[in-house]
Amino acid sequence: MAKPFDNEQRRAFRHSLRRYVAQQLTPNANEWDEAGTVPWHVHTDLGQLGLFGFGVDECYGGLGFDDAFMRADANIELAQCGATGIAAAVGGRGISVGLLHRLASETQKQQLLPAIVSGQRGSALAITEPSGGSDVANLQTRARWDGNHFCLNGSKTFITGGMSSDHFVVAARTGEAGIAGISLFLVEADRAGFSRSELGNKMGWWASDQATLFFDDCLLPAANLLGEQHHGFRAIMDNFNNERLAIAAQCVGMMMLCLEHCIGYSQERHTFGKPLIKHQVIRHKIADMSARTEMVSAYLDRVCWQMNQGQQAVEQLCKLKFSASKALEFVASEAMQILGGAGYMRGNPVERIYREVKIMAIGGGSEEIMRDLAVRQMGL
């Protein structure tokens, strides 16, 4: 479909990234996924392409502007390499750099952001806890002021980039129960009292690292408090907007790849004396897959436009995210049916995407949470 909001800058960005994905990521996607790691040069390559600079001032190495369409395009293109674990491997900084840019001190921003935005160093966001995933208001990690330092105790889990990052934005309770007592902190990986353990045996995202983080009397100076004390919850909620946009866009990219792969396969594969594509049942599957992909893509464009207008987009982002993950679930399942036994074998993108559907439905706020939040945003 034509992109009604496209312009030359967006096309140039998209094409440069598409070329990089085709030349550098797609040929290596299966190898890196099986190896469970992405070479660090991918981080710096994508940093040079501007992927981590949205909303970051030029003086800190950023692009000096933000654009929801370009954020979405970046995630669509990355997803089409066939292994979204690669996008996850580089994406931890994407959901933490905005908070650092907004809340860190001038000195911290000058020291940290250029290296993070350029991809030389990693950063990650640490919100989720073993005691509760989406229930941010009831997090248990606590930071207590002892007169000289904040003393941080607790743990975080399922932290993307947790093993490879140098800097963490960590949510902790500094006050009373509920949303009013949550603050954000900068925690460096070399802090005494900080440790981490890799999470293995994942269903998908093999190319990225996820970790459990531990804070045992981890002492932080007052300067490591990001923003105002007790005012972290709203910043966390606002930060989810771009994360949910990214996940929805990755769903679109994954659907596009499934569709492309199935069309190619069904044109080459012959059954009952004719190409698979000539069987009506297959043609109808492809029509349904294409329609759902284009519907979510059109919805994505509308939400990007709303965000670029500075309008409140929480309700629409929630609806977009669960609509995208449910559409991806359908498309990936139909793709597996078209490929049959070939789709069940490791090494092809459809098998990998089929496994990675569920993380899209869970990460950044589960489908159930998204539905409930959308209805509350509707005033009901």
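This is a predicted model: local features need pLDDT of at least 70, side-chain atom pairs count only at pLDDT 80 or more; totals for chains, interfaces and linings use all residues.

Mentor: Residues are numbered from 1 along each chain as its sequence is written, and side-chain values use heavy atoms, with hydrogens and water left out.

Trainee: Why is the pair of arginine 14 and aspartate 73 called a salt bridge?

Mentor: A salt bridge is a side-chain nitrogen of Lys or Arg within 4 Å of a carboxyl oxygen of Asp or Glu. The closest N and O atoms of arginine 14 and aspartate 73 are 3.0 Å apart, so the pair meets the limit. Arginine 14 is in helix α1 (residues 8–25) and aspartate 73 in helix α4, 59 residues apart; here helices (H or I, at least four residues) and strands (E, at least two) are DSSP runs, numbered from the N terminus. Both residues also belong to a network of salt bridges with Lys3, Asp6, Glu8, Arg11 and Asp301.

Trainee: What makes arginine 14 buried or exposed?

Mentor: Buried means under 20% relative accessible area, exposed over 50%, and partly exposed in between (1.4 Å probe, protein chains only). Arginine 14 has 8% relative accessibility, so it counts as buried. Aspartate 73, at 4%, is buried too.

Trainee: How do you know that the structure holds zero disulfides?

Mentor: A disulfide is a pair of cysteine sulfur atoms within 2.5 Å, and the structure has zero of these. Take cysteine 151: the closest cysteine sulfur, in cysteine 218, is 8.2 Å away, so it is too far for a bond. For cysteine 251 the closest is in cysteine 258, at 11 Å, which is also too far.

Trainee: What makes a space a cavity?

Mentor: On a 1 Å grid over the protein atoms alone, a cavity is a set of points where a 1.4 Å probe fits but cannot get out; lining residues have an atom within 4 Å of a point. Grid points are joined across faces, edges and corners, and a volume is the space filled by probe spheres set on the points. Three cavities of 30 Å³ or more are counted. The largest holds about 50 Å³, and its lining includes Trp40, His43 and Arg93.

Notes:
On a 1 Å grid over the protein atoms alone, a cavity is a set of points where a 1.4 Å probe fits but cannot get out, and a pocket is an open set with protein on both sides within 12 Å along at least five of seven lines; lining residues have an atom within 4 Å of a point.
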